[in-house]
Amino acid sequence: QLQASGGGLVQAGVSLRLSCAVSGGRIFSSSVMGWFRQAPGKEREFVARIRWFSGTTYYSDSVKGRFTISRDNAKRMVYLQMDSLKPEDTAVYFCARSGNVDINPGSWDTWGQGTLVTVSS
């Protein structure tokens, strides 16, 4: 199970950190953890991913340089540090798990419930 938290209402330019707790089951060497977001009326889009064991990261162009994904293996936590937030970052953010690096949401097999981030201008 994945449990996302940390969303809220913030002003543009500030930072926010999302957390995702990974509970139950075994984390395999191929596991990839990621963050996606879905704005109202739009499709779910990839934000960032991290390989659980190697820590290798990959970001969408829209957040590269502003967002940082990380994980704490011992605590089984995944984080998304979001800096310099923009109104266009407003969305429900989901953490997810996959067995491969495909950024297509359909390739991810486990999803958290989502946490709302609203960025006001």
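This is a predicted model: local features need pLDDT of at least 70, side-chain atom pairs count only at pLDDT 80 or more; totals for chains, interfaces and linings use all residues.

Biologist: How many residues does the largest nonpolar core have, and which have the most contacts inside it?

Modeller: The largest nonpolar core has 28 residues. Those with the most contacts inside it are Trp35, Val78, Leu80, Met82 and Tyr93.

Biologist: Which strands each supply at least two residues of this core?

Modeller: They are β1 (2-5), β3 (16-22), β4 (32-38), β5 (45-51), β7 (67-72), β8 (77-82), β9 (91-98) and β11 (115-120).

Biologist: And which of them gives the most?

Modeller: That is β3, with four residues.

Biologist: What does Val78 touch?

Modeller: Leaving aside residues up to four places away in sequence, Val78 touches several residues, among them Leu18, Cys20, Met33, Trp35, Ile50 and Ile69.

Biologist: What does the second, separate core include?

Modeller: That core has five residues, including Phe36, Phe46, Ala96 and Trp108.

Biologist: Let us move to the rings. How many aromatic pairs are there?

Modeller: The count comes to five aromatic pairs. In one of them, the ring centres of Phe94 and Trp111 are 6.3 Å apart and the planes are at 80 degrees, so this pair is edge-to-face.

Biologist: Where do Phe94 and Trp111 lie?

Modeller: Phe94 lies in strand β9 and Trp111 in strand β10 (residues 110-111), so the pair ties together parts that are 17 residues apart in sequence.

Biologist: Is Phe94 buried or exposed?

Modeller: Phe94 is buried, with a relative accessible area of 10%. Trp111, in contrast, is partly exposed, at 26%.

Biologist: Which residues form the aromatic cluster?

Modeller: Phe36, Phe46, Tyr58, Phe94, Trp108 and Trp111 form one cluster.

Biologist: What lies over the face of Trp111?

Modeller: Arg44 does, at 4.7 Å from the ring centre. Elsewhere, the charged end of Arg17 sits over the ring of Tyr79, 4.1 Å from its centre.

Biologist: Now the cysteines. Which residues does the disulfide join?

Modeller: The disulfide joins Cys20 to Cys95, with an S to S distance of 2.2 Å. The count comes to one disulfide.

Biologist: What parts does the pair tie together?

Modeller: Cys20 lies in strand β3 and Cys95 in strand β9, so the pair ties together parts that are 75 residues apart in sequence.

Biologist: Why is the disulfide right-handed?

Modeller: The disulfide is right-handed because the torsion about the S-S bond of Cys20 and Cys95 is about 65 degrees.

Biologist: Is Cys20 buried or exposed?

Modeller: Cys20 counts as buried, at 0% relative accessibility. Cys95 is buried too, with a relative accessible area of 0%.

Definitions and conventions:
Residues are numbered from 1 along each chain as its sequence is written. Side-chain values use heavy atoms; hydrogens and water are left out. A nonpolar core is a set of buried Ala, Val, Leu, Ile, Met, Phe, Trp, Tyr and Cys residues joined through side-chain atoms within 4.5 Å. Buried means under 20% relative accessible area, exposed over 50%, partly exposed in between (1.4 Å probe, protein chains only). Contact means heavy atoms within 4.5 Å. Rings of Phe, Tyr and Trp (its six-membered ring) pair if their centres lie within 6.5 Å; planes under 30 degrees apart count as stacked, over 60 as edge-to-face and the rest as tilted. A charge sits over a ring if NZ of Lys or CZ of Arg is within 6 Å of the ring centre and within 35 degrees of the ring normal. A disulfide is a pair of cysteine sulfur atoms within 2.5 Å.
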